[in-house]
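Subject: Structure for you to look over

Dear colleague,

I am passing on the structure we spoke about, and below it you will find what was found. Please read the notes with the coordinates open beside them.

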Amino acid sequence: MNGLPPKPRNRAPRLTAVAVMPWLVAPGMFLPGCGKARSAEEGVTFNVEVERVRNGSTVKIKPDEKLVYAGLRAPYEHEPLFEEARKRNAELVEGKEVRLRFDKEQRDPDDHLCAYVFVDDQFVNEMLVREGLAWVRLTPTTGRYAKELQAAQREAQRARRGLWRLAAPSAGEHYPADPKYGNFHRPECAEADKIKPERRVDFKTRQEALERGLAPCATCAP
Ligand SMILES: [Zn+2]
């Protein structure tokens, strides 16, 4: 047993923190003034080894689990800066022991582990956003570091780093978004048609959607 949250279909509670860092768990360390009650799993940290980096926001950890970084999305293979983001992420975590910290849910809607990643005192998720190698992607279950990640993205945008030095895509008339998955689309995207009406939000500009913590869809590249 490695102490990680159980895989799907084996959800019996067997959480065992490998190492709980008191400085990490102390409420308010990262979110000053945020003292609301958290679920039992929140704030628990696990030490795991990163076996291989797949892209700027997905890694394979030992033993054989896919881990998706919480609160952001890095470029996929067909998108610009995929390789830069992958390389940078590898530099930061590949072959290293990292500390995972969970948000409200330990798994994303695709049942992959979803967490914030720390190496020593480095907050990897935030670094990748600050360097312009990933978009902030907030969902109802990944808001824990919203302030930090959004500030990092504003800094990257202002400094025109990485993704923010690329020419902006042509402007659309509006941008339908699905807050559940933390992304926004062009109106003609097939994915936009699948958004449940009660969840759908329409933004006038791309920037407005980005500032709300939504990431551009990888298919329609809004
Ligand atoms: Zn789309």
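Helices here are DSSP runs of H or I with at least four residues, and strands are runs of E with at least two, both numbered from the N terminus. Please bear in mind that this is a predicted model, in which local features need pLDDT of at least 70 and side-chain atom pairs count only at pLDDT 80 or more, whereas totals for chains, interfaces and linings use all residues. Residues are numbered from 1 along each chain as its sequence is written.

The buried residues of H2 are Ala85, Arg86, Arg88, Asn89 and Val93, where buried means that 20 or more other C-beta atoms, placed from the backbone, lie within 10 Å of the residue's own, exposed means 12 or fewer, and partly exposed covers what lies in between. These residues cover an arc of only 170° around the axis, which puts them on the same side of H2, the arc being that of the directions from the helix axis to the C-beta atoms. On the other side of H2, Glu83 and Glu91 are exposed. The partners against which the buried residues of H2 pack include strand S1 (45–55), strand S5 (97–101) and helix H3 (124–130). Just after H2, Gly95 takes a positive phi of about 75°.

Val44, in the loop between helix H1 (22–25) and S1, is also buried, with 22 other C-beta atoms within 10 Å. The C-alpha atoms of Val44 and Leu100 are separated by 8.3 Å, although the two residues are 56 apart along the chain.

Elsewhere, an open sheet of four strands runs in the order S11-S9-S10-S12 with mixed pairing, two strands being paired if DSSP finds at least two bridges between them. Strands S11 (201–203) and S12 (215–216) stand at the edges with a single partner strand each, so one side of each is left without a neighbour in the sheet. S10 (residues 183–184) pairs with S12 in the parallel sense over two bridges, and Phe184 has Pro216 of S12 as its bridge partner.

For the protein overall, there are six helices and twelve strands, and 38% of the 222 residues count as buried.

Technical notes: Contact = placed C-beta atoms within 7 Å.
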